[in-house]
Amino acid sequence: MEKNKIKTGSFALNYGAILGAISVVFGLMLFSADQHYRGGMLVGLVSMSITLILIVFGIYQFKKANNGFLTFGQGLKVGVGISLIGGIIGIIFNLLMANVIDPDMMDKALEFQKSELLASKKMTLEQIENQLEIGKKFSTPTMQVLFGLLFSIVLGFVFSLIPALALKKEEVLN
C-alpha cells in the first residue's frame, strides 16, 4: 500500500510564513523605537538567529511528520523554502516601510550612515559622499528585491546544511 508522501513545500510555506510574521513584528518594534533605518550588528544577529531557529525547527518537524525519516535534499528544500518565503514577506514589508509607512526611511538611513562615517574619521567628506551616492544606486526597489531574494536563498542554504546533515535519516527499502 502506498503511503501519503509528506510535501516539503507545505512545511516551507508554513514555517516561512511564521518567519515572515516574526520579521514583520520585529520590524514594527524597530520602527516604534525609531531604529528601523539604523540596522547594525545586533539587529542582524537577532534576525539571523530567528531565521536559523525556524529553519532547524521546520526541518525537525518535517522529519517528525515523515515517520522520523529525512533525506539531505528534503532538509535543504525545507530550509531554503522557509528562508525564501520568510524573505519574500520581509521584502514586501520593507518596501511598504520605505514607501508607505516611512517614506523618509532611506534618507534617514543615508544621513545616519554619513554621521557614523564622519565620526569614525577614517574617510574624507568627499569619500563619504561618493560612497553614499554608490549606495543610493543599490537602494532602488528593484535592487532591494533582487538582493533580498538572493540573500534569503543563500542564507537559507547555508543555515540548512548542518541541520539537514545532522537530522538526516533515510528509509531503507527492502
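Colleague: How many residues of the lining of the largest pocket are nonpolar, polar and charged?

Modeller: The general idea comes before the case. Rolling a probe the size of a water molecule over the atoms shows where empty space is left. In this predicted model, the lining of the largest pocket divides into 22 nonpolar, 20 polar and two charged residues. The lining has 44 residues. The space in this pocket is about 1,500 Å³.

Colleague: Which residues lie nearest the centre of the largest pocket?

Modeller: Val43, Ser47, Gly90, Asn94 and Phe151 lie nearest its centre.

Colleague: Which helix supplies the largest share of that lining?

Modeller: H3 does, with nine residues. At least two lining residues come from each of H1, H2, H3, H4 (105-120), H5 (125-137) and H6.

Colleague: Now the packing. Which residues have the most contacts inside the largest nonpolar core?

Modeller: In soluble globular proteins, nonpolar side chains tend to be buried together. Here the largest nonpolar core has 13 residues, and Ile59, Val78 and Ile82 have the most contacts inside it. H1 (8-32), H2 (41-65), H3 (72-101) and H6 (141-166) each give this core at least two residues. H2 gives the most, with four. Another core, of seven residues, lies apart from it; Phe93, Ala98, Ala109 and Phe112 are among its members.

Colleague: What does Ile82 touch, beyond residues up to four places away in sequence?

Modeller: Ile82 touches Phe11, Ala12, Tyr15, Gly16, Leu19, Leu54, Ile55 and Gly58.

Colleague: Which residues of H2 are buried?

Modeller: Again, the general idea comes before the case. An α-helix has 3.6 residues a turn, so residues three or four places apart point the same way. In H2, the buried residues are Val43, Thr51, Leu54, Ile55, Gly58, Ile59, Gln61, Phe62 and Lys63. They pack against H1, H3 and H6.

Colleague: Is Ser152 buried or exposed? And what about Ser83, buried or exposed?

Modeller: Buried means under 20% relative accessible area. Ser152 has 7%, so this residue counts as buried. Ser83 has 3%, so Ser83 counts as buried too.

Colleague: What are their contacts, leaving aside neighbours within four places in sequence?

Modeller: Ser152 is in contact with Ser83, Leu84 and Gly87. Ser83 is in contact with Leu19, Thr51, Ile55, Ser152, Leu155 and Gly156.

Colleague: What does Gly79 touch, not counting residues up to four places away?

Modeller: Gly79 sits in H3. Its relative accessible area is 0%, so Gly79 is buried. Gly79 touches Ile55, Ile59, Gly156 and Ser160. Its C-alpha is 9.4 Å from that of Ile153, a residue 74 places away along the chain.

Colleague: On to the backbone. What phi does Asp34 take?

Modeller: Most residues other than glycine have a negative phi, and most peptide bonds are trans. Asp34 is not a glycine, yet its phi is positive, about 55°. Asp34 lies in the loop between H1 and H2. With a relative accessible area of 36%, Asp34 is partly exposed.

Colleague: Where is Asn67 found, and what is its phi?

Modeller: Asn67 is in the loop between H2 and H3. Its phi is positive, near 60°. At 57% relative accessibility, Asn67 counts as exposed.

Colleague: One more loop residue. Where is Phe138, and what does it touch?

Modeller: Phe138 is in the loop between H5 and H6. Not counting residues up to four places away in sequence, Phe138 touches Met143 and Phe147. Its relative accessibility is 45%, so Phe138 counts as partly exposed.

How values were computed
Residues are numbered from 1 along each chain as its sequence is written. This is a predicted model: local features need pLDDT of at least 70, side-chain atom pairs count only at pLDDT 80 or more; totals for chains, interfaces and linings use all residues. Side-chain values use heavy atoms; hydrogens and water are left out. A nonpolar core is a set of buried Ala, Val, Leu, Ile, Met, Phe, Trp, Tyr and Cys residues joined through side-chain atoms within 4.5 Å. Buried means under 20% relative accessible area, exposed over 50%, partly exposed in between (1.4 Å probe, protein chains only). Contact means heavy atoms within 4.5 Å. On a 1 Å grid over the protein atoms alone, a cavity is a set of points where a 1.4 Å probe fits but cannot get out, and a pocket is an open set with protein on both sides within 12 Å along at least five of seven lines; lining residues have an atom within 4 Å of a point. Grid points are joined across faces, edges and corners, and a volume is the space filled by probe spheres set on the points. Ala, Val, Leu, Ile, Met, Phe, Trp, Tyr, Cys and Pro count as nonpolar, Asp, Glu, Lys and Arg as charged, and the others, Gly among them, as polar.
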